[in-house]
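Dear colleague,

I am handing over the structure below, together with notes on what turned up when I went through it. Please read the notes with the structure open beside them.

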Amino acid sequence: MIRTRSLLAEGSRLRRLAPLVLPAAWGAVAVAWKFCCPLARQPGLPTRIATSVVFLTVGIGMVLGLRHGLVRELTRARAVAAATQRVLLRPPPARLDGLTLAAGQLSATRGASVGGDLYEAVATPHGVRIVVGDVRGHGLAALGAVVAVLGSFREAAHDEAELAGVLRRLERALERHLREPARGEPARPDAGPRDPVAEEFVTLLLVEVRPDGRLAVLNCGHPGPYRLGVRAERLPVGDPLPPLGVLPLPAVLVPHTAARLLPGETLVLHTDGAEEARDHRGSFFALDAALSGVPGEAPAALVRRVRAALLHHTGGRLVDDVALLVVRNDRVRVPAQPAEPGLRRPRSAPSPRC
């Protein structure tokens with residue numbers, strides 16, 4: 001086993017050095033030309049021109065060889081990063097317990113496909129549970145809190161019978177993340193939150209779509225979703241709770257259950273980067289107007305259209321991460337069956353008299 005690992009490591013080193021073989025050979029030829037060839041030591045302009053051409057060719061070859069090696073390493077690193085980001089913020093399934101879903105993400109960090117926004121949807125025995133959140137800050141620096149919250153949600157959504165229990169699990173997971181010592185430093189029991197994320201917090205929205213379409217919502221300082229039916233309307237989500245990581249949650253958590261997602265209606269959950277995006281004149285992006293464009297639009301098409309409109313509005317220059325999660329209720333409503341004409345309900349038999 002040890003010999004196999006050694007051979008694999010040696011092969012990896014040889015592959016990394018392969019692009020430098022040809023430039024090194026050219027360099028050896030140039031040195032041999034300069035010091036061993038009698039023609040190179042002769043005075044005169046033709047000799048100087050020939051020597052310059054040889055060294056210029058060697059320099060170009062070395063630059064191209066190094067560039068080829070760097071491009072290969074960059075391509076490999078991008079592939080690994082893309083796979084990691086897909087695992088971290090995986091796209092939701094297209095269908096989930098009668099619901100059609102689609103999601104989109106834009107990162108303010110150039111070259112990254114994920115940032116400080118998070119979303120997830122899972123089917124549980126208690127209904128389809130959804131989380132959309134926004135970590136303070138943006139870009140790759142917020143990924144630690146995203147991992148902590150998403151990992152906890154994916155477990156708690158199945159384990160907890162009540163939505164309040166899921167939220168408390170998320171709060172504890174974020175607290176553990178904030179109290180982790182920096183790498184290489186010993187943990188201290190009396191240590192407070194670590195720097196530089198001592199002020200890190202998460203706004204999020206927890207939604208449970210029950211089988212009858214009833215929505216249970218817990219809102220921790222996050223923008224409310226839009227419901228698309230005849231028109232786009234902001235959905236009431238009750239009194240907001242403090243963002244996770246700012247203040248402890250109240251002792252009693254009561255989800256808001258006054259709203260319902262009827263068959264054919266669409267729920268659009270988003271982060272504040274969608275509504276706070278500005279153009280070069282400082283005008284905010286009109287998310288409600290963008291959502292009202294095409295009634296009955298498929299969730300995936302809606303995400304693509306809003307994403308394109310957002311990039312057009314900002315000119316591709318985002319200052320905050322943006323996440324969209326679209327859920328359409330495609331459960332079939334069974335209409336009441338009318339009674340056939342001429343049929344009457346059977347009367348109950350009269351009770352016998354004593």
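Arg-210 counts as partly exposed because its relative accessible area is 29%, on a scale where buried means under 20%, exposed over 50% and partly exposed anything in between, calculated with a 1.4 Å probe and the protein chains only. Its salt-bridge partner is Glu-208, and the closest N and O atoms of the two are 3.0 Å apart; a salt bridge here is a side-chain nitrogen of Lys or Arg within 4 Å of a carboxyl oxygen of Asp or Glu. Glu-208, with a relative accessible area of 4%, is buried.

Before going further, please note that this is a predicted model, in which local features need pLDDT of at least 70 and side-chain atom pairs count only at pLDDT 80 or more, while totals for chains, interfaces and linings use all residues. Residues are numbered from 1 along each chain as its sequence is written, and side-chain values use heavy atoms, with hydrogens and water left out.

The mean pLDDT of the protein, that is, the predictor's confidence in each residue on a scale from 0 to 100, is 78, and 66% of the residues reach 70 or more. Over residues 187-198 the pLDDT is below 50, and in the model this stretch has 12 contacts beyond near neighbours in sequence, a contact being heavy atoms within 4.5 Å.

As for the protein as a whole, its secondary structure comes to eight helices and 10 strands, taken as DSSP runs numbered from the N terminus (H or I, at least four residues, for helices; E, at least two, for strands). Of the 354 residues, 39% are buried, and among contacts with a separation of 6 or more, 69% are between residues 24 or more positions apart. The accessible surface, from the Shrake-Rupley method with a 1.4 Å probe and, for residues, only the protein chains shown as cover, comes to about 21200 Å², of which carbon and sulfur atoms hold 60%.

Returning to the salt bridges, a search of the whole structure finds 15 of them. One of these joins the side chains of Glu-120 and Arg-90 at 2.9 Å, N to O, and it links distant parts of the chain, since Glu-120 is in strand E3 and Arg-90 is in the loop between H3 and strand E1 (95-96), 30 residues apart. Glu-120 counts as buried because its relative accessibility is 3%, whereas Arg-90, at 36%, counts as partly exposed. Arg-90 and Glu-120 also belong, with Arg-154, to a network of salt bridges. A further bridge brings together the side chains of Arg-281 and Asp-279 (3.3 Å, N to O); here Arg-281 is exposed at 62% relative accessibility, while Asp-279 is buried at 12%.

Strand E3 (residues 117-124) also holds Leu-118, which is buried, with 0% relative accessibility. Leaving out residues up to four places away in sequence, Leu-118 touches Leu-89, Val-131, Val-132, Gly-133, Val-135, Val-146, Val-149 and Leu-150. Leu-118 and Leu-325 are 207 residues apart in sequence, yet their C-alpha atoms are 9.8 Å apart in space.

Leu-324, in strand E10 (residues 322-329), is likewise buried, with a relative accessible area of 7%. Apart from neighbours within four places in sequence, Leu-324 has contacts that include Ala-102, Ala-103, Gly-104, Val-268 and Val-306.

The buried residues of H5, among them Leu-163, Val-166, Leu-170, Leu-174 and His-177, pack against strand E4 (127-135), helix H4 (143-159), strand E5 (202-209) and strand E6 (215-220).

Leu-56 is found in helix H3 (residues 45-88) and counts as exposed because its relative accessibility is 56%.
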